[in-house]
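Subject: Structure handover and notes

Hello,

Please find the structure below, followed by my notes on it. Each term is given its cut-offs where it first comes up.

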Amino acid sequence: MEVITEGVNNLNIAAAAVATTDSANNKKNRIQVSNTKKPLFFYVNLAKRYMQQHNEVELSALGMAIATVVTIAEILKNNGLAVEKKIMTSTVDMREETGGRPVPKAKIEILLGKTEKFDELMAAAAAEEAAAAAEEQS
């Protein structure tokens, strides 16, 4: 009987580990943008890197940072690097302090995918940077 109980416990632990891993995998390509912590082009370059690794990136923001997310998405689209796949808006209740009443905050999530020319444009930009660095050294 103890062996069966131990087996069931191991099964539950394994299932919990799989569920945790699955939810972690879904968030690997998400960038939560703040308009106070990092400069705009930090997020633009991070989004490019995420798209290279995962073929798509999800930009997410709350409240005042929504304008920053929209700007990042527009920069990537206007440079021919990304296409919009999905835009989701919602409100989430945030508590200002422990025990305080919830305050609704606007939330946006923008899913961007690579364009067909993404790899070509990124390679051209890398070659341009390498040429500029070589010129700087000589």
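What pattern does the chain follow when read along the sequence? The pattern is α-β-α-β-α-β-β-α, and the secondary structure comes to 4 helices and 4 strands. Helices (H or I, at least four residues) and strands (E, at least two) are DSSP runs, numbered from the N terminus.

On conventions: this is a predicted model, in which local features need pLDDT of at least 70 and side-chain atom pairs count only at pLDDT 80 or more, while totals for chains, interfaces and linings use all residues. Residues are numbered from 1 along each chain as its sequence is written, and side-chain values use heavy atoms, with hydrogens and water left out.

Whole chain

The chain has 138 residues, and buried residues make up 26% of them. Buried means under 20% relative accessible area, exposed over 50%, and partly exposed in between (1.4 Å probe, protein chains only). The accessible surface of the chain comes to about 9800 Å², and 53% of that belongs to carbon and sulfur atoms. The areas come from the Shrake-Rupley method with a 1.4 Å probe; for residues, only the protein chains shown count as cover. Among contacts with a separation of 6 or more, 67% are accounted for by residues 24 or more positions apart. Contact here means heavy atoms within 4.5 Å.

Helix α3

Helix α3 runs over residues 66–78, 13 residues in total, and reaches 18 Å from its first C-alpha to its last. That is close to the 18 Å expected at 1.5 Å a residue, where the expected span is 1.5 Å times one less than the number of residues. Its buried residues are Ile66, Thr68, Val69, Ile72, Ala73, Ile75 and Leu76. The cover over them includes α2 (40–54), β2 (56–62), β3 (82–95) and β4 (102–114). Just after α3, Gly80 takes a positive phi of about 75 degrees.

Largest pocket

The largest pocket holds about 320 Å³ of space. Of the 17 residues that line the largest pocket, Val33, Ser34, Ala61, Leu62 and Ala65 are the closest to its centre. Elements giving two or more residues to this lining are β1 (30–32), β2 and β4, and the largest share, 3 residues, comes from β2. By class, the lining has 7 nonpolar, 6 polar and 4 charged residues. Nonpolar covers Ala, Val, Leu, Ile, Met, Phe, Trp, Tyr, Cys and Pro; charged covers Asp, Glu, Lys and Arg; the others, Gly among them, are polar.

For the pocket search, a 1 Å grid was set over the protein atoms alone. A pocket is an open set of points with protein on both sides within 12 Å along at least five of seven lines, whereas a cavity is a set where a 1.4 Å probe fits but cannot get out. Lining residues have an atom within 4 Å of a point. Grid points are joined across faces, edges and corners, and a volume is the space filled by probe spheres set on the points.

Strand β3

Val92 counts as partly exposed because its relative accessibility is 26%, and Met94 counts as partly exposed because its value is 33%. Leaving out residues up to four places away in sequence, Val92 touches Leu62, Val103, Pro104, Lys105 and Lys107. With the same exclusion, Met94 touches Leu62, Arg101, Pro102, Val103 and Lys105. The C-alpha atoms of Val92 and Pro104 are separated by 5.5 Å, and those of Met94 and Lys105 by 6.7 Å.

Asn55 is found in the loop between α2 and β2. Its phi is near 70 degrees, a positive value in a residue other than glycine. Most residues other than glycine have a negative phi. Asn55 is partly exposed, because its relative accessibility is 46%.

Lys114, in strand β4, has Asn55 among its contacts beyond four places in sequence, together with Met51, Gln52, Leu81, Val83 and Asp119. Lys114 and Glu56 are 58 residues apart in sequence and 6.1 Å apart in space, C-alpha to C-alpha.

Arg30 has its place in strand β1. Beyond four places in sequence, Arg30 touches Tyr50, Glu58, Ser60 and Glu109.

Regards
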